[in-house]
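Me: I have a model open here and would enjoy talking it through. Could you take my questions in turn?

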Amino acid sequence: MLTALSVCALATASTMLVLYLNEQGTNASLHQQIDHQQRTLTDTNRKLAAASVLIDQLNAQTDTLNGQVNTLTASNTSLNTCVAAMQTWLVTLDANPGAPDLDQLARTADSACGF
């Protein structure tokens, strides 16, 4: 025969068992969420590492292109200097074929053009 004390103890034990099982379910759910978040973070870190490699490659290509632009700019400046010296010589030659400074202008143009 069950006494009131036994019924109370049985109800308490039953309640504790339900609470324990709920806690275990909650813990399992939390562990699943944590595992999912860890997988997501690992995947994100992998993507960030790959993006970092691509950024480094793009930076290296940018440096190469900047070097090429600088070389072309210097070549363009040299070419402009050459053309200006040639134009001076040609304008003088056209205006006065016997001008005394034609030889000096020709040497200046040759020097400016690297001849």
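**Salt bridges, helices and a disulfide**

Reply: Let me begin with a pair of charged side chains: R46 and D43 meet in a salt bridge, N to O 2.5 Å, where a salt bridge means a side-chain nitrogen of Lys or Arg within 4 Å of a carboxyl oxygen of Asp or Glu. A word on the source: this is a predicted model, in which local features need pLDDT of at least 70 and side-chain atom pairs count only at pLDDT 80 or more, while totals for chains, interfaces and linings use all residues. Residues are numbered from 1 along each chain as its sequence is written, and side-chain values use heavy atoms, with hydrogens and water left out.

Me: Where do R46 and D43 lie, and how far apart are they in the helix?

Reply: Helices here are DSSP runs of H or I with at least four residues, numbered from the N terminus. R46 and D43 both belong to helix α1. About one turn of the helix lies between R46 and D43, and their spacing is three residues.

Me: Is R46 buried or exposed?

Reply: The cut-offs are under 20% relative accessible area for buried, over 50% for exposed and partly exposed in between, with a 1.4 Å probe and protein chains only. D43 has 28% relative accessibility, so it counts as partly exposed, and K47 at 48% is partly exposed too. R46 has a relative accessibility of 52%, so R46 is exposed.

Me: What distance separates the C-alpha atoms of H31 and T88?

Reply: H31 is another residue of helix α1, and its relative accessibility of 52% makes it exposed. Along the chain, H31 and T88 are 57 residues apart. Their C-alpha atoms are separated by 84 Å.

Me: How far does helix α2 reach from its first C-alpha to its last?

Reply: Helix α2 covers residues 102-113, twelve residues in total. The expected span of a helix is 1.5 Å times one less than its number of residues. For α2 the expected value at 1.5 Å a residue is 16 Å, and the model comes close to that, with a reach of 16 Å.

Me: Which exposed residues are on the face of α2 turned away from its buried side?

Reply: The buried residues of α2 are L102, L105, A109 and C113. They cover an arc of only 65 degrees around the axis, so they are on the same side of α2; the arc is that of the directions from the helix axis to the C-beta atoms. The face turned away from that buried side carries the exposed D103, R107 and S111.

Me: Which cysteine does a disulfide join to C113?

Reply: Counting a disulfide as a pair of cysteine sulfur atoms within 2.5 Å, the total is one. The torsion about the S-S bond is about 95 degrees, so this disulfide is right-handed. The pair links distant parts of the chain, 31 residues apart, with C113 in helix α2 and its partner in helix α1. The S to S distance is 1.7 Å, and the cysteine joined to C113 is C82.

Notes:
Helix = DSSP H or I, 4+ residues; strand = E, 2+ residues; numbered from the N terminus.
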